[in-house]
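I wrote down each thing I looked up, in the order I went.

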Amino acid sequence: MSDQGWISLYRKIQNSFVWTNSDQLKLWLLILMKANHSENKFLFNGEELSVSKGQMVTGVNVLASDFNEGVKPVNRVAGRTLWRWLKKFEKEQMLSIESTSKYSVITVLNWDEYQQNDNHLSSSGQSSVKHLSTNNNDNNENNKTKVDYGALIKYLNEKTGRAFHNTEANKKLIKARLNDGFTKQDFKLVIDYKAMDWKDNQDMQKYLRPNTLFAPSHFDDYLNEAKEYLNHANRPKTTSDGQRVGKTPEEIEAERRKHAEEIKRRAEERLNSEHGN
């Protein structure tokens, strides 16, 4: 792809979710600038590939390298995060992704409509863009019809025994993580796992709060911890007490406590019996 030339950028993008996240906006602009403006052939990792206009070939590492070029290490974005954002773009019908074991072809949808080569300054060139028209107030993933902030806060309270309110500050945290590409199910998974992990820990239970669980510096790590725990828990094996693993974190923890209580009860009975004798 040449670094010369121009791309069209419509003011409608200000109504898009990418406008609220500077890194996601940068990623979208990078895709537009890296996409080929005409059919082309080039080498990618030693393999000759053909692409059409509006397409680019990349991979997680290549994308991260392009995105983070010249960026200080502390401000760089991990490749897996960039790829999660791409999948969100795909869900919003901004682009499509076709992947092989070696590379992925990204196609900007409605490229011809969006990037008018001849009439980019004409009135016809200012028509609405189909792949961004979904990002209006009616379809924004943060719209109240699609995201029930109160329900997520209520779920947090039920699992932790706390009494947080559906405040603007808490909604802002949830909205920011959704803009990062996380889902409502990710929130519930983090809540379930950390509630199980911290609820009975006097030192940690105070951190069962939105500004800790949903913080940008913590949420991704907590989610990965939860998924790792579930992957381990769902392995088809039997514990020493005959408990079948493969249940929800809450069920596993409940059975673990029950088993520990039973061991304690038996030990006390044995101690009482020996004392009585």
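Which residue forms a salt bridge with Asp197? I found Lys194 there, with the closest N and O atoms 3.3 Å apart. I count a salt bridge when a side-chain nitrogen of Lys or Arg is within 4 Å of a carboxyl oxygen of Asp or Glu.

A note on the source: this is a predicted model, where local features need pLDDT of at least 70 and side-chain atom pairs count only at pLDDT 80 or more, while totals for chains, interfaces and linings use all residues. Residues are numbered from 1 along each chain as its sequence is written, and side-chain values use heavy atoms, with hydrogens and water left out.

**Entry 1: salt bridges**

I stayed with Lys194 and Asp197, which are 3 residues apart in helix α8 and therefore separated by about one helical turn. For helices (H or I, at least four residues) and strands (E, at least two) I use DSSP runs, numbered from the N terminus. I then checked burial (buried is under 20% relative accessible area, exposed over 50%, partly exposed in between, with a 1.4 Å probe and protein chains only). Lys194 is buried at 2% relative accessible area, whereas Asp197 counts as partly exposed at 35%. Salt bridges with shared partners join Lys194, Asp197 and Glu225 into one network.

My count for the salt bridges came to 6. One of them is between Asp220 and Arg80, at 3.5 Å from N to O. This pair links distant parts of the chain, with Asp220 in helix α10 and Arg80 in helix α3 (residues 79-91), 140 residues apart. Asp220 is buried, with a relative accessible area of 18%.

I also looked up Glu90 and Lys87, whose side chains meet in a salt bridge at 3.0 Å, N to O. Both lie in helix α3, 3 residues apart, or about one turn of the helix. Glu90 is partly exposed at 24% relative accessible area, and Lys87 is partly exposed at 42%.

**Entry 2: aromatic rings**

How many aromatic pairs does a search of the whole structure find? I got 9. Rings of Phe, Tyr and Trp (its six-membered ring) pair if their centres lie within 6.5 Å; planes under 30 degrees apart are stacked, over 60 edge-to-face, and the rest tilted.

Phe182 and Phe219 have ring centres 4.8 Å apart and planes at 75°, so I noted the pair as edge-to-face. Phe182 sits in the loop between α7 (168-179) and α8 (184-198), Phe219 in helix α10 (residues 219-233), 37 residues apart. Both Phe182 and Phe219 are buried. Ring pairs link Phe182, Phe187, Phe214 and Phe219 into a cluster.

Arg84 lies over the face of Phe182, 4.1 Å from the ring centre. For a charge over a ring, I ask that NZ of Lys or CZ of Arg be within 6 Å of the ring centre and within 35 degrees of the ring normal.

**Entry 3: the sheet**

Last, I looked at an open sheet of 3 strands, in the order β3-β5-β4 with antiparallel pairing. Two strands pair if DSSP finds at least two bridges between them. The edge strands, β3 (55-58) and β4 (95-99), each pair on one side only. I found 5 bridges joining β4 to β5 (residues 104-108), and Glu98 has Val105 in β5 as its bridge partner.
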